[in-house]
Amino acid sequence: MQPLAYRMRPQTIDEVVGQQHLVGKGKIIWRMVKAKLLSSMILYGPPGTGKTSIASAIAGSTKYAFRKLNAATDSKKALEQVVAEAKMSGTVILMLDEIHRLTKPKQDYLLPHLENGQIILIGATTENPYIAINPAIRSRTQIFEVKPLSPSDIQTAIERALHDKKRGLGSEEVQIDDDALQLLTEATHGDLRSALNALELAVKSTTKNQNNQIHLTLPIIEECVQHKALVHDKNGDAHYDVISAFQKSIRGSDVDAALHYLARMCDAGDLPSITRRLLVIAYEDIGLANPQAAARTVQAVTAAEKVGFPEARIPLSVAVIDLCLSPKSNSAIMAIDKAISDVQKGNYGEVPDWLKDSHYKGAEKLGRGIDYKYPHDYRHDWVNQQYLPNKIKNQHYYLPKENGRYEKVLAQQYYKLERAKKRPPEK
């Protein structure tokens with residue numbers, strides 16, 4: 001029998017759990033399916049978050065043939081068989097896992113069939129497609145980020161699996177305690193496949209009681225997910241509360257509180273949450289006030305991941321103490337968020353002609369790169385020149401703070417350059 005996670009894959013777009021920013025009513029993939037106007041796409045995000053589920057649900061909703069291959073392990077011949085099928089029977093949806101590992105010969109073979117619409121490619125990857133995937137593939141696909149599922153999303157899928165008699169575990173009478181269900185929804189950090197695998201193991205390995213029920217308790221689920229529970233509260237928010245308190249304690253420079261919350265996560269064996277949060281804190285809360293602390297945090301996280309628990313607690317505690325006692329600055333995150341907000345609102349203009357790419361024949365005739373001032377030709381390797389589009393030429397995003405020695409130096413340089421910009425441009 002196929003694993004529970006495989007059997008419970010959605011058969012239509014309406015059955016997809018989570019990812020409502022893509023498949024919810026009125027959203028982009030929902031619209032593609034409704035109109036039967038599919039375009040090739042790349043879905044990227046962590047394992048177990050529904051990339052294959054979305055692909056199979058699209059196929060189920062549109063009634064197109066669905067084939068699944070792996071870019072790393074399946075041969076070019078397997079691609080040829082899919083293309084032959086598409087030529088015979090019409091459009092085929094091809095789910096290509098690990099698409100970042102697609103070789104050039106396979107890519108070159110596939111591209112013409114994407115162009116003519118015989119193959120609708122749905123690539124899946126855990127890697128950043130803007131870095132890991134060849135531009136030739138990227139330019140022919142839409143890129144969608146698939147996000148970790150929320151605990152409520154995972155609970156929905158678990159309850160569906162427990163009640164589904166045909167594909168799920170509905171033929172068994174399963175009783176699961178509230179704290180056990182809560183751990184199952186939280187312990188896999190948004191990975192639904194892992195949660196369903198743990199549920200199936202728990203059900204299949206637990207002896208029925210006198211009432212012919214399978215009673216799943218917290219210790220049983222802990223054993224099946226190999227993850228100790230954090231101390232849970234009645235609202236079920238303890239896992240995220242601890243992570244939140246951890247970051248806020250470091251931001252607030254309270255060493256003892258930060259170490260306490262670190263200890264709770266260490267005791268739960270929650271290394272992924274700790275390391276991810278530390279990296280975020282290093283750049284979000286300490287930032288330019290002490291960039292070296294961020295670099296040291298990266299080193300500490302690397303060491304922790306290499307040695308694992310229990311020794312991982314040592315470099316983690318070093319990083320936490322370092323970050324707590326470091327000067328703080330959120331100027332970098334504030335700057336980029338303000339810039340992104342402008343872009344998303346459409347508040348930007350055309351790149352100035354003198355900044356446009358001029359490294360091709362005919363660029364000069366189009367006025368590209370003309371009058372560009374090369375800073376290294378000027379004193380101090382700087383020249384007064386407009387870089388922002390005309391529409392936002394006076395916009396400011398970075399507002400320096402002076403909490404740390406390093407950012408004080410940056411602030412001095414920033415304001416010096418701003419004063420220089422007010423002088424007439426050099427000829």
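The legends below describe close-up views of a predicted model.

**View 1. Helices H16 and H17 pack against each other in a left-handed crossing.** Helix H16, which covers residues 291–307, and helix H17, which covers residues 313–324, have axes that come within 8 Å and cross at roughly 165°. Because angles over 145 degrees count as roughly antiparallel, H16 and H17 are described as roughly antiparallel to each other. On the H16 side the contact involves Ala293, Arg296, Thr297, Ala300, Ala303 and Ala304, and these meet Pro315, Leu316, Ala319, Asp322 and Leu323 of H17. Sorted by class, the residues where H16 touches H17 are 8 nonpolar, 1 polar and 2 charged.

**View 2. A cis peptide bond joins Phe309 and Pro310.** The omega angle of this bond is about 10°, and Pro310 is placed in the loop between H16 and H17, the two helices whose crossing is left-handed. As background to this view, most peptide bonds are trans.

**View 3. Helices H11 and H12 meet in a right-handed crossing.** Here helix H11 (residues 192–205) and helix H12 (residues 218–225) pack at an angle of about 125°, and their axes are 9 Å apart. That angle makes H11 oblique to H12. The residues that form the contact are Ala198, Leu201 and Ala202 from H11, together with Ile220, Ile221, Cys224 and Val225 from H12. When the residues at the contact of H11 with H12 are divided by class, there are 7 nonpolar, no polar and no charged.

**View 4. Helix H9 packs on H11 with a right-handed crossing.** The packing angle between H9 and H11 is about 40°, and the axes of these two helices are 10 Å apart. From H9, the residues Ile154, Ala157, Ile158, Ala161 and Leu162 meet Leu192, Ala195, Leu196 and Leu199 of H11. The contact of H9 with H11 comprises 9 nonpolar residues, with no polar and no charged residues.

**View 5. A salt bridge links the side chains of Arg167 and Glu15.** The distance from N to O in this pair is 3.4 Å. In general, side chains of opposite charge can pair when their charged atoms come close. A search of the whole structure finds 15 salt bridges.

**View 6. Gln19 has a positive phi although it is not a glycine.** For comparison, most residues other than glycine have a negative phi.

**View 7. Residues 37–149 are the span that UniProt lists for "domain: AAA+ ATPase".** The label comes from an unreviewed UniProt entry. In the predicted model, the end C-alpha atoms of residues 37–149 lie 27 Å apart, and the span is 41% helix and 24% strand.

Key
Residues are numbered from 1 along each chain as its sequence is written. This is a predicted model: local features need pLDDT of at least 70, side-chain atom pairs count only at pLDDT 80 or more; totals for chains, interfaces and linings use all residues. Side-chain values use heavy atoms; hydrogens and water are left out. Axes are lines fitted to C-alpha atoms, for helices over the stretch in contact, and angles run from 0 to 180 degrees between N-to-C directions. Helices (H or I, at least four residues) and strands (E, at least two) are DSSP runs, numbered from the N terminus. Angles under 35 degrees count as roughly parallel, over 145 as roughly antiparallel, 65 to 115 as roughly perpendicular and the rest as oblique. A crossing is left-handed if the near helix is turned anticlockwise from the far one by less than a right angle, and right-handed if clockwise. Contact means heavy atoms within 4.5 Å. Ala, Val, Leu, Ile, Met, Phe, Trp, Tyr, Cys and Pro count as nonpolar, Asp, Glu, Lys and Arg as charged, and the others, Gly among them, as polar. UniProt positions are given in the numbering used here, feature names are shortened, and annotations may be inferred rather than shown by experiment. A salt bridge is a side-chain nitrogen of Lys or Arg within 4 Å of a carboxyl oxygen of Asp or Glu.
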